[in-house]
Amino acid sequence: MLFRSRSALAERRAALSKRRANLIKARNLLPDLSSPSSSSSGRPLPGALASLEASHAILLRQHQELLQRTAETQLILTRELLSVFAFSPTSAALPSPFTSPSSSTSSTSSLSPTYTLSTLPLSSLSTLPLLSSPVLSATLSHLLHLTRLLALYFSLSLPFTPLPSLFGPGRPGVRASPGWGDGTFPLFPSRATGGATKDFGGGEQSGGRELEGAMREKERREERMKAVVGGSVALAFNLAYLAWRRGAEVREEELGDLGALVLKAAGVSGNGQR
């Protein structure tokens, strides 16, 4: 009986000691209610609010510094990109497409200013169809890659997605992005189908077939050129869109000037400065 009483007393003492330790721990965790900085309404303490505002100001300053460094990095990348693609304005007028290279230099086009891209003439949209097929294909291919990389550097999605192999290897084109309509446009003219004319030996009948085939071939070339012009306009719209998203103003007369649009989209002036 005595042994049981002592055991029960020891258990009670252990429980009381545990409760005493818990009360001491809870008292240490509670704020000092007698402090004038305490608040019973659950609102932040004045000291904590000031610390929070200071931390917020530091974060804002760091964010602005990060944005500035990002803009500087983008500017460096775009300058290097234009340098790699050998993009440069030139004060010399482009040779007129209506005259032969052996003609006098006085018969030049009045396009000013003009630009070159990888040593190729980057003329206005209206004069692109006047370029030879190899020059036109190379120019549009370089312009497509340049536009893709600019959009990548600035982390922007384009209204018309440039695809280097949309129509097969070495056959670039653009495709309307979701929300911008439907359609795909080639950026290469139809390949020449020249060669010796087959002699059917049928006199007038053979001549009629040849004329009909030539007319069909001409119609196909014209339709393809219309599609290529549509793809060129889509590329120009992409460049204008990049310039607009970056806060640059594009005047109406600049919409057909591919060189000016490249400068606006890249965010640099004619001398390579911001």
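The buried residues of helix H3 are Leu 136, Thr 139, Leu 140, Leu 143, Leu 144, Leu 146, Thr 147, Leu 150 and Ala 151, where buried denotes under 20% relative accessible area, exposed over 50% and partly exposed the range in between, with a 1.4 Å probe and protein chains only. The model is predicted: local features need pLDDT of at least 70 and side-chain atom pairs count only at pLDDT 80 or more, whereas totals for chains, interfaces and linings use all residues. Residues are numbered from 1 along each chain as its sequence is written, and side-chain values use heavy atoms, with hydrogens and water left out.

Helices (H or I, at least four residues) and strands (E, at least two) are DSSP runs, numbered from the N terminus. Ser 155, which follows H3, has a positive phi, near 55°.

Strands S4 (residues 160-163) and S5 (residues 173-176) pair in the antiparallel sense over four bridges, pairing requiring at least two bridges found by DSSP between two strands. Pro 162 has Val 174 of S5 as its bridge partner. S5 is also joined to strand S6 (residues 184-186), antiparallel, by three bridges, with Gly 173 opposite Pro 186 of S6.

Glu 254 lies in the loop between helix H4 (204-245) and helix H5 (258-266). Glu 254 is buried, with a relative accessible area of 9%. Residues up to four places away in sequence aside, Glu 254 touches Glu 249, Ala 260, Leu 261 and Lys 264, contact meaning heavy atoms within 4.5 Å.
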